[in-house]
Each structure stands twice: as C-alpha cells, then as structure tokens.
Amino acid sequence: MSKIVIINGANASTSRVTGVQEYIKENFKNVTTIDVFKLPAHDLITANYNSDAIKEANALVEQADVVVVLTPVYKAAYSGILKTYLDLLPQKGFENKHIIPIAVGGTPRHLLVIDFALKPVFTAIGATSISQGIFIIDKQIERTEQGVVIEDEILERIHQQLNVSKVAV
C-alpha cells in the first residue's frame with residue numbers, strides 16, 4: 001500500500017484547504033500530514049535545516065510514495081508559508097515520489113498557478129511524476145456546523161488523482 005503525505009500550505013486549521021486535507025485523511029489509507037503553519041515559524045523563516053521539527057517533517061516526505069501538496073492561492077501564486085517549507089526539503093526531496101498538487105483559489109483566473117508556479121518548484125526538488133493536479137474554486141468547499149462539504153465534482157477529481165497514483169482507498 002502506498003504511503004501518502006499531505007503537505008498543507010494553508011495558514012490556519014480553519015482554511016478550506018484544511019477541509020480538503022481532512023477529507024483525504026478520512027477517505028484514504030496510510031495518510032500522514034505536515035501542517036506547515038504548525039512548524040516553528042522561526043525555523044521556517046531562518047531556513048533552519050537542523051530543526052528537529054523540520055527534520056521530522058522531511059522524514060515523512062522521504063518515507064512517502066505519494067505527496068499531496070495543498071495550497072491556497074494568494075495573489076496568483078501558492079502560499080508563502082508553503083514556499084518556506086519547500087525550500088527546506090533536500091535538493092532531491094521529491095525524487096521517486098508521485099506529486100499531486102491541489103490549489104484552492106477564489107477565481108478560475110488562478111487556474112494556471114499549478115502549471116506555472118507549483119510544478120517548476122516540484123521539478124527543482126527532484127519530482128519527475130507530477131499529476132495534472134486539481135484546482136478548486138473556494139466556493140466549491142463549504143464549512144458547515146456538520147463539517148466541511150466539498151462539491152461532488154471535486155471529490156471525484158480527488159479520487160481520480162489518488163487512484164491514478166495507485167493509492168489504496
């Protein structure tokens with residue numbers, strides 16, 4: 001069975017992006033997460049490669065077969081907090097892993113963030129297997145008193161991407 005690690009580049013646990021993370025964790029097996037906003041800010045900002053928290057997060061990536069990278073879209077790009085963590089991965093940290101980018105933005109005009117902002121960074125970190133990815137308009141994810149509601153079309157795309165990656169459901 002494939003090991004999945006989710007790198008959550010949202011800035012808070014209340015983010016719609018975190019709702020997608022919660023859905024994946026509940027519906028797929030062998031999933032661990034790295035909530036970048038929970039990593040020590042000082043270690044991220046100062047690029048502290050020797051931080052125990054950063055080493056532990058990087059070990060999760062190293063052990064994974066599939067890496068799901070979740071990010072909100074801010075000003076036509078992925079989140080800055082995500083970039084600070086990606087900069088701390090080893091040069092070939094994504095080598096021999098299948099990468100699934102998922103971005104949540106307010107408008108379809110940000111659709112190309114996956115191809116023009118995320119994929120080049122993933123390639124620089126050694127990725128050779130990157131899925132098409134999933135772009136979600138934020139109104140397709142709703143937080144209710146019962147939890148997060150994600151539109152069926154998006155759920156189908158999540159399942160398709162993870163099943164293409166030969167991930168056991």
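How many bridges join strand E8 to strand E9, and do the two run parallel or antiparallel? In this predicted model, four bridges link them, and the strands run antiparallel.

## The E8–E9 pair

Strand E8 covers residues 141–144, and strand E9 covers residues 147–150. A hairpin of two residues connects E8 to E9.

Two of the residue pairings can be named. Arg-143 has Val-148 of E9 as its bridge partner. Thr-144 is bridged to Gly-147, also in E9.

## Asn-8: position and burial

Asn-8 belongs to strand E1, which spans residues 4–8. Is Asn-8 buried or exposed? Asn-8 counts as buried because its relative accessible area is 0%, and the cut-off for burial is under 20%.

Asn-8 and Ile-102 are separated by 94 residues along the sequence. Their C-alpha atoms are 9.7 Å apart in space.

## Asn-8: contacts

Which residues does Asn-8 touch, leaving aside those up to four places away in sequence? They are Val-17, Thr-18, Gln-21, Ile-34, Asp-35, Val-36 and Leu-70.

Asp-35 also takes part in a polar contact. The side chains of Asn-8 and Asp-35 meet at 3.5 Å. The Asn-8 side chain also reaches a backbone atom: the nitrogen of Ala-10, at 2.8 Å.

Technical notes
Residues numbered from 1 in each chain as written. Predicted model: local features only at pLDDT ≥ 70, side-chain atom pairs only at ≥ 80, totals over all residues. Heavy atoms only, no water. Pairing = 2+ DSSP bridges. Buried < 20%, exposed > 50% of the residue type's maximum accessible area, 1.4 Å probe, protein only. Contact = heavy atoms within 4.5 Å. Polar contact = N/O pair within 3.5 Å; in protein donor to acceptor, adjacent residues only side chain to side chain.
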